[in-house]
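Dear colleague,

Please find below the structure that I am handing over to you, together with its sequence. My findings follow it.

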Amino acid sequence: MFIKVLMALYPLIVFIALVFIFKFFRLRHLTNRKLKIPDVFTIFLILGMQIFSKNVKSISIIPYYLLIISGLALVLLLLDLLYYKQFTYRRFLKLWWRLTFFITLIIYLILIVITFTH
(Lines give C-alpha, C1' and ligand atoms only; values in the text may rest on other atoms or scores of the structure.)
Protein backbone atom coordinates (compact mmCIF):
# COMPACT_ATOMS: atom_id res chain seq x y z
CA MET A 1 0.00 0.00 0.00
CA PHE A 2 2.90 2.35 0.74
CA ILE A 3 4.20 1.99 -2.82
CA LYS A 4 0.78 2.90 -4.22
CA VAL A 5 0.58 6.05 -2.10
CA LEU A 6 4.15 6.96 -2.98
CA MET A 7 3.33 6.40 -6.64
CA ALA A 8 0.39 8.80 -6.40
CA LEU A 9 2.40 11.46 -4.54
CA TYR A 10 5.60 11.12 -6.59
CA PRO A 11 4.68 13.69 -9.30
CA LEU A 12 3.63 16.22 -6.68
CA ILE A 13 6.81 15.75 -4.65
CA VAL A 14 9.04 16.00 -7.71
CA PHE A 15 7.19 19.07 -8.99
CA ILE A 16 7.57 20.89 -5.67
CA ALA A 17 11.25 19.94 -5.52
CA LEU A 18 11.80 21.19 -9.08
CA VAL A 19 10.08 24.49 -8.34
CA PHE A 20 12.34 24.93 -5.31
CA ILE A 21 15.46 24.01 -7.31
CA PHE A 22 14.54 26.34 -10.18
CA LYS A 23 13.91 29.22 -7.77
CA PHE A 24 16.90 28.59 -5.51
CA PHE A 25 19.51 28.01 -8.21
CA ARG A 26 17.91 30.37 -10.76
CA LEU A 27 18.18 27.75 -13.50
CA ARG A 28 15.77 29.57 -15.74
CA HIS A 29 17.92 32.70 -15.76
CA LEU A 30 21.08 30.71 -16.42
CA THR A 31 19.58 29.22 -19.59
CA ASN A 32 18.18 32.50 -20.92
CA ARG A 33 14.64 31.50 -19.89
CA LYS A 34 14.58 28.53 -22.26
CA LEU A 35 14.62 25.69 -19.73
CA LYS A 36 11.28 25.24 -18.03
CA ILE A 37 10.04 22.96 -15.27
CA PRO A 38 8.01 20.63 -17.59
CA ASP A 39 11.16 20.03 -19.65
CA VAL A 40 12.94 18.52 -16.64
CA PHE A 41 9.78 17.09 -15.05
CA THR A 42 9.26 14.81 -18.07
CA ILE A 43 12.48 12.92 -17.32
CA PHE A 44 11.41 12.31 -13.72
CA LEU A 45 7.96 11.15 -14.82
CA ILE A 46 9.51 8.64 -17.22
CA LEU A 47 11.80 7.39 -14.45
CA GLY A 48 8.88 7.11 -12.01
CA MET A 49 6.76 5.37 -14.62
CA GLN A 50 9.46 2.74 -15.12
CA ILE A 51 10.09 2.17 -11.41
CA PHE A 52 6.46 1.97 -10.36
CA SER A 53 5.27 -0.09 -13.31
CA LYS A 54 7.96 -2.69 -12.53
CA ASN A 55 7.15 -2.74 -8.79
CA VAL A 56 3.37 -2.70 -8.97
CA LYS A 57 2.48 -4.59 -12.15
CA SER A 58 5.75 -6.50 -12.71
CA ILE A 59 5.85 -5.42 -16.36
CA SER A 60 7.64 -2.51 -17.91
CA ILE A 61 5.54 0.11 -19.61
CA ILE A 62 8.56 1.79 -21.24
CA PRO A 63 8.55 -0.17 -24.57
CA TYR A 64 4.92 0.83 -25.18
CA TYR A 65 5.68 4.39 -24.15
CA LEU A 66 8.64 4.60 -26.53
CA LEU A 67 6.43 3.28 -29.33
CA ILE A 68 3.86 6.03 -28.67
CA ILE A 69 6.53 8.73 -28.51
CA SER A 70 8.16 7.49 -31.72
CA GLY A 71 4.80 7.53 -33.47
CA LEU A 72 4.25 11.07 -32.24
CA ALA A 73 7.64 12.10 -33.66
CA LEU A 74 6.78 10.60 -37.05
CA VAL A 75 3.40 12.32 -37.16
CA LEU A 76 4.94 15.68 -36.22
CA LEU A 77 7.66 15.23 -38.82
CA LEU A 78 5.12 14.46 -41.54
CA LEU A 79 2.98 17.43 -40.50
CA ASP A 80 6.02 19.71 -40.69
CA LEU A 81 7.01 18.45 -44.10
CA LEU A 82 3.55 18.30 -45.67
CA TYR A 83 1.85 21.28 -44.04
CA TYR A 84 4.66 23.81 -43.51
CA LYS A 85 6.86 22.52 -46.35
CA GLN A 86 9.94 23.05 -44.18
CA PHE A 87 11.60 21.41 -41.23
CA THR A 88 13.46 23.14 -38.43
CA TYR A 89 15.05 21.05 -35.72
CA ARG A 90 14.54 23.55 -32.92
CA ARG A 91 10.79 23.95 -33.47
CA PHE A 92 10.30 20.22 -33.99
CA LEU A 93 12.22 19.16 -30.87
CA LYS A 94 10.58 21.81 -28.69
CA LEU A 95 7.07 20.83 -29.80
CA TRP A 96 7.85 17.11 -29.57
CA TRP A 97 9.31 17.40 -26.07
CA ARG A 98 6.38 19.49 -24.78
CA LEU A 99 3.85 17.02 -26.24
CA THR A 100 5.91 14.21 -24.73
CA PHE A 101 5.36 15.85 -21.34
CA PHE A 102 1.58 15.80 -21.74
CA ILE A 103 1.54 12.22 -23.01
CA THR A 104 3.82 11.10 -20.18
CA LEU A 105 1.62 12.80 -17.60
CA ILE A 106 -1.52 11.20 -19.04
CA ILE A 107 0.06 7.73 -19.12
CA TYR A 108 1.33 8.17 -15.56
CA LEU A 109 -2.14 9.18 -14.33
CA ILE A 110 -3.67 6.19 -16.14
CA LEU A 111 -1.09 3.96 -14.45
CA ILE A 112 -2.11 5.38 -11.05
CA VAL A 113 -5.82 4.79 -11.76
CA ILE A 114 -5.14 1.21 -12.91
CA THR A 115 -3.04 0.56 -9.82
CA PHE A 116 -5.72 1.79 -7.39
CA THR A 117 -8.58 -0.02 -9.13
CA HIS A 118 -6.96 -3.44 -8.92
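A residue is called buried here when its relative accessible area is under 20%, and exposed when that area is over 50%. Phe92 has a relative accessibility of 11%, and therefore counts as buried. Please bear in mind throughout that this is a predicted model.

**Overall architecture**

The protein contains 5 helices and 0 strands, so that its elements, read from the N terminus, follow the order α-α-α-α-α. The C-alpha trace spans about 50 × 35 × 15 Å along its principal axes. Of the 118 residues in the protein, 27% are buried. Among contacts with a separation of 6 or more, 65% are between residues 24 or more positions apart. The accessible surface amounts to about 8300 Å², and carbon and sulfur atoms supply 76% of that surface.

**The nonpolar core**

The largest nonpolar core comprises 23 residues, and those with the most contacts inside it are Met7, Leu18, Phe41, Met49, Trp96 and Tyr108. Two or more residues each are contributed to this core by α1, α3 (37-57), α4 and α5 (89-117). The largest share, 7 residues, comes from α5.

Leaving out residues up to four places away in sequence, Tyr108 touches Met7, Tyr10, Pro11, Leu45, Gly48, Met49 and Phe52.

**Helix α4 and the residues that follow**

Helix α4 consists of 23 residues and reaches 32 Å from its first C-alpha to its last, which is close to the 33 Å expected at 1.5 Å a residue. Its buried residues are Ile62, Tyr65, Ile69, Leu72, Ala73, Leu76 and Asp80. An α-helix has 3.6 residues a turn, so residues three or four places apart point the same way. The cover over the buried residues of α4 includes α3 and α5.

Apart from neighbours within four places in sequence, Asp80 is in contact with Lys85, Gln86, Phe87, Arg91 and Phe92. One of these partners, Lys85, lies just after α4 and takes a positive phi of about 60°.

Phe92, for its part, is found in helix α5. With neighbours within four places in sequence left aside, Phe92 is in contact with Ala73, Leu76, Leu77, Asp80 and Phe87. Phe92 and Lys34 are 58 residues apart along the chain, and their C-alpha atoms are separated by 15 Å.

**The nonpolar surface patch**

A nonpolar patch on the surface is formed by Met1, Phe2, Ile3, Val5, Leu6, Leu9, Leu12, Ile13, Phe15, Ile16 and Phe116, with about 1100 Å² of accessible area together. Helix α1 (residues 2-25) provides the largest share of this patch, 9 residues. Val5 is one of the patch residues and lies in helix α1. Its relative accessibility is 35%, so Val5 counts as partly exposed.

Yours sincerely

Terms used:
Residues numbered from 1 in each chain as written. Predicted model: local features only at pLDDT ≥ 70, side-chain atom pairs only at ≥ 80, totals over all residues. Heavy atoms only, no water. Contact = heavy atoms within 4.5 Å. Helix = DSSP H or I, 4+ residues; strand = E, 2+ residues; numbered from the N terminus. Buried < 20%, exposed > 50% of the residue type's maximum accessible area, 1.4 Å probe, protein only. Areas by Shrake-Rupley, 256 points an atom, 1.4 Å probe, with all protein chains shown as cover. Patch = residues over 30% accessible without salt bridge, like charges linked within 9 Å, V, L, I, M, F, W, Y side chains within 5 Å. Salt bridge = Lys/Arg side-chain N within 4 Å of Asp/Glu carboxyl O. Core = buried A, V, L, I, M, F, W, Y, C linked by side-chain atoms within 4.5 Å. Expected span 1.5 Å × (residues − 1).
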